Structures are given as C-alpha cells and as structure tokens.
Amino acid sequence: MLKINLDQPSWAAGSSWLAKHFLWLNALMFQLVWFTAILLQQDAWPYVTALLLLHFYFSPTRRQDLPLLIGVSLVGMMLDSALSLSGVFVFADQAILPVWLAFLWFHFAVALNHSLAWLRRLPLLLVALMGSISGPLSYLGGYRLGAVELPLGALSSALIIGALWAFALPAYVHYSVWLKRRG
C-alpha cells in the first residue's frame, strides 16, 4: 500500500540552505510550470507532474500545501470551467478544462504557501486590486502564446476575468491564512 508522508521533511527542520530558500525554488518552479503548460499544453503533463512531485518532496509545509492544493484548485477549475462554458475563452483542443490548466491551478495553489505568501501581509483590498490585474494578464499571456482563444475579444475577456480575480485572489489568500493558523 502506498503511504504518503505529509510530515515536514527532516532537512526542513534545521537551517539548511534549501529550507531558507524554498520560496525561490517554488517561484522558479511556478514560472517553469506556467511556460511549460502554456507552450506544450497537453504534452506538458509529465513535466508539470514531475515538478509538482518535486514540490511535495522538498516542501517544508506539506500538511498545509495539500489542502490548499485541493481547495484552491477545485474552486479555480470550477471558475475556469464556467468561463469556458460561457464562451469567455475557448481552448485549442476544445476541452472545457484542459489537463495543463488543472496543473497550473495545482502549482498556483501551492505557491500561495511559499512564493506568493507575501500576499498574506497585504490588505485584502490591495490583494483584490492585484488579482484584478494579474489574473487577466496571465490569461492574456496564454492567449498571446496560442494556448487559449478569447471569442469576446481581449478587452472584454480581461474585464470579466479581472472582476472574478478581484474576488478570487483575496479568497484564496484568506483560505491560505486560515489553513496556516489551523495547521
């Protein structure tokens, strides 16, 4: 039977270089996943899976990362599925939610505990403003690289996505704070 160890890895308890700098590794992996998923799309899954496994191997906060991954990813994938079904965006393979986009959600979720943890220190209104800008920019980047079509046009799509992300990003950050306090 497969046993998954969610305890803190032994190296993370000390003052190892990796423990001190894991947020940089997480940031690098998140950017690598974004570009890999956008550029390779359906062919990206082995690489983004390997990076997700590496994250959990090295993460000093596995117990908090797993529920964050599940909660944030499920909500994000439901929102993206709704946007896809409503015609705000269309994917090249005509999927409602491609596998590569699910992996982007997985990696974004765990980044909230590490490379994006600084968002926890900001007022939620500022986080909402950042979400309303950064959310659409990510999708517009995917559009420019050919991973998604925007049938409503770039501006209309960005406004819709921005409105959703103005609420979603603060909710994700609040959830990560709640899990951190609980864990």
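Helices (H or I, at least four residues) and strands (E, at least two) are taken here as DSSP runs, numbered from the N terminus. The model is predicted, so local features need pLDDT of at least 70 and side-chain atom pairs count only at pLDDT 80 or more, while totals for chains, interfaces and linings use all residues. Residues are numbered from 1 along each chain as its sequence is written, and side-chain values use heavy atoms, with hydrogens and water left out.

**Overall build**

Let's start with the whole chain. The protein has 7 helices and 2 strands, and from the N terminus on they follow the order α-α-α-α-β-α-α-β-α. Of its 183 residues, 44% count as buried; buried means under 20% relative accessible area, exposed over 50%, and partly exposed in between (1.4 Å probe, protein chains only). Contacts are heavy atoms within 4.5 Å. Among contacts with a separation of 6 or more, 76% join residues 24 or more positions apart. The accessible surface comes to about 10000 Å², and 70% of it belongs to carbon and sulfur atoms. These areas come from the Shrake-Rupley method with a 1.4 Å probe; for residues, only the protein chains shown count as cover.

**Two loop residues**

His114 sits in the loop between helix 5 (99-111) and helix 6 (124-144). This histidine is buried, because its relative accessible area is 9%. Not counting residues up to four places away in sequence, His114 touches Phe22, Leu23, Asn26, His55, Ser59, Pro60, Thr61 and Asp65.

Gly87 belongs to another loop, the one between helix 4 and strand 1 (90-91). Leaving aside neighbours within four places in sequence, Gly87 is in contact with Pro151 and Leu152. Gly87 and Pro151 are 64 residues apart in sequence, yet their C-alpha atoms are 6.9 Å apart in space.

**A nonpolar patch**

On the surface, Phe35, Leu39, Leu40, Tyr47 and Leu145 form a nonpolar patch with about 490 Å² of accessible area together. Patches are made of residues with over 30% relative accessible area and no salt bridge, joining like charges within 9 Å and nonpolar side chains (Val, Leu, Ile, Met, Phe, Trp, Tyr) within 5 Å. A salt bridge, in turn, is a side-chain nitrogen of Lys or Arg within 4 Å of a carboxyl oxygen of Asp or Glu. Helix 2 (residues 17-40) gives the most to this patch, with 3 residues. Tyr47 lies in helix 3 (residues 45-58) and is partly exposed, since its relative accessible area is 49%.

**Cavity and pocket**

On a 1 Å grid over the protein atoms alone, a cavity is a set of points where a 1.4 Å probe fits but cannot get out, and a pocket is an open set with protein on both sides within 12 Å along at least five of seven lines; lining residues have an atom within 4 Å of a point. Grid points are joined across faces, edges and corners, and a volume is the space filled by probe spheres set on the points.

| Largest cavity | about 50 Å³ | helix 7, 4 residues |

Of the 25 residues that line the largest pocket, Phe30, Phe108, Ser134, Ser138 and Trp165 are the closest to its centre. Helix 2, helix 5, helix 6 and helix 7 are the elements that give two or more residues to that lining.

The structure holds 1 cavity of 30 Å³ or more. Residues lining the largest cavity include Leu79, Asp80, Trp105, Tyr139 and Trp165. Helix 4 (62-85) and helix 7 (154-182) each supply at least two residues of the cavity lining.
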